[in-house]
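Trainee: I have the model open. Can we go through it one point at a time?

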Amino acid sequence: MTFDMKGMCTMKKTLITIALTATFCAGTVLAQDHSAVFKARQGQMRLLALNLGILGGMAKGEMEYDAELAQAAAGNVATVARLSQATIWPEGTGMDAIKDSTAKANIWTDFAGFQDKWNALAPAAEKLQAAAGQGPAEIGAAIGAVGGACKGCHDTYRAPKE
């Protein structure tokens, strides 16, 4: 068996070219398919809605107060509120590009403002988390700030659902 160094170098270059081409092509395909980021955003909002629904139900007396469940729900809200939004809002994922999206185009023309609105959620969620184990009245007092943070963002950056 003999080694042909020239042939090995050519084969190596060919494999590297194929690998790079596949990588760049895959990146282009992934960049155009935004279903994963859209689903991630929907999941994030659904987690917030589910957990805020539990806390709101306890605060209103529609649901029996359970300190452990309240703490878990508030902890989930606080965790979601701390998630970076940078990865799930790429350009081209608004309502003009994705069916069922309610994201307005101004998210991308004013991303700093959008980030500021999102960042207002975390401190409100942390106060809710601190209040959740204290009782329904305390939840009720703290949940308004979370709702206000949500509303501030939705009023500016989300189209009404049809």
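Trainee: Is H34 buried or exposed?
Mentor: Bear in mind that this is a predicted model. The cut-off for buried is under 20% relative accessible area. H34 has 18% relative accessibility, so H34 counts as buried.

Trainee: Where is H34, and which residues does H34 touch, not counting those up to four places away in sequence?
Mentor: H34 sits in the loop between α1 (5–32) and α2 (35–60). Leave out residues up to four places away in sequence. The residues H34 then touches are P90, E91, G92, T93 and I98.

Trainee: Is D100 buried or exposed?
Mentor: Start with its place: D100 lies in the loop between α3 (67–81) and α4 (106–109). Its phi is near 80°, a positive value in a residue other than glycine. The cut-off for exposed is over 50%. With a relative accessible area of 59%, D100 is exposed.

Trainee: How many helices and strands does the protein have?
Mentor: From the N terminus on, the elements run α-α-α-α-α-α-α. The count is seven helices and zero strands.

Trainee: Are α6 and α7 roughly parallel or antiparallel?
Mentor: Two packed helices are described by the angle between their axes and the distance between the axes. Helix α6 (residues 121–132) packs on helix α7 (residues 136–157) with the axes 8 Å apart, at an angle of about 165°. Angles over 145 degrees count as roughly antiparallel. Therefore α6 and α7 are roughly antiparallel.

Trainee: By class, which residues make the contact of α6 with α7?
Mentor: On α6, the contact is made by L121, A124, A125, K127, L128, A131 and A132. On α7, it is made by E138, I139, A142, I143, A145, V146, A149 and C150. By class, that contact has 13 nonpolar, no polar and two charged residues.

Trainee: What share of the contacts with a separation of 6 or more comes from residues 24 or more positions apart?
Mentor: Take burial in passing: 31% of the 162 residues count as buried. Now the contacts in the protein with a separation of 6 or more. Residues 24 or more positions apart account for 71%.

Note on methods: Residues are numbered from 1 along each chain as its sequence is written. This is a predicted model: local features need pLDDT of at least 70, side-chain atom pairs count only at pLDDT 80 or more; totals for chains, interfaces and linings use all residues. Side-chain values use heavy atoms; hydrogens and water are left out. Axes are lines fitted to C-alpha atoms, for helices over the stretch in contact, and angles run from 0 to 180 degrees between N-to-C directions. Helices (H or I, at least four residues) and strands (E, at least two) are DSSP runs, numbered from the N terminus. Angles under 35 degrees count as roughly parallel, over 145 as roughly antiparallel, 65 to 115 as roughly perpendicular and the rest as oblique. Contact means heavy atoms within 4.5 Å. Ala, Val, Leu, Ile, Met, Phe, Trp, Tyr, Cys and Pro count as nonpolar, Asp, Glu, Lys and Arg as charged, and the others, Gly among them, as polar. Buried means under 20% relative accessible area, exposed over 50%, partly exposed in between (1.4 Å probe, protein chains only).
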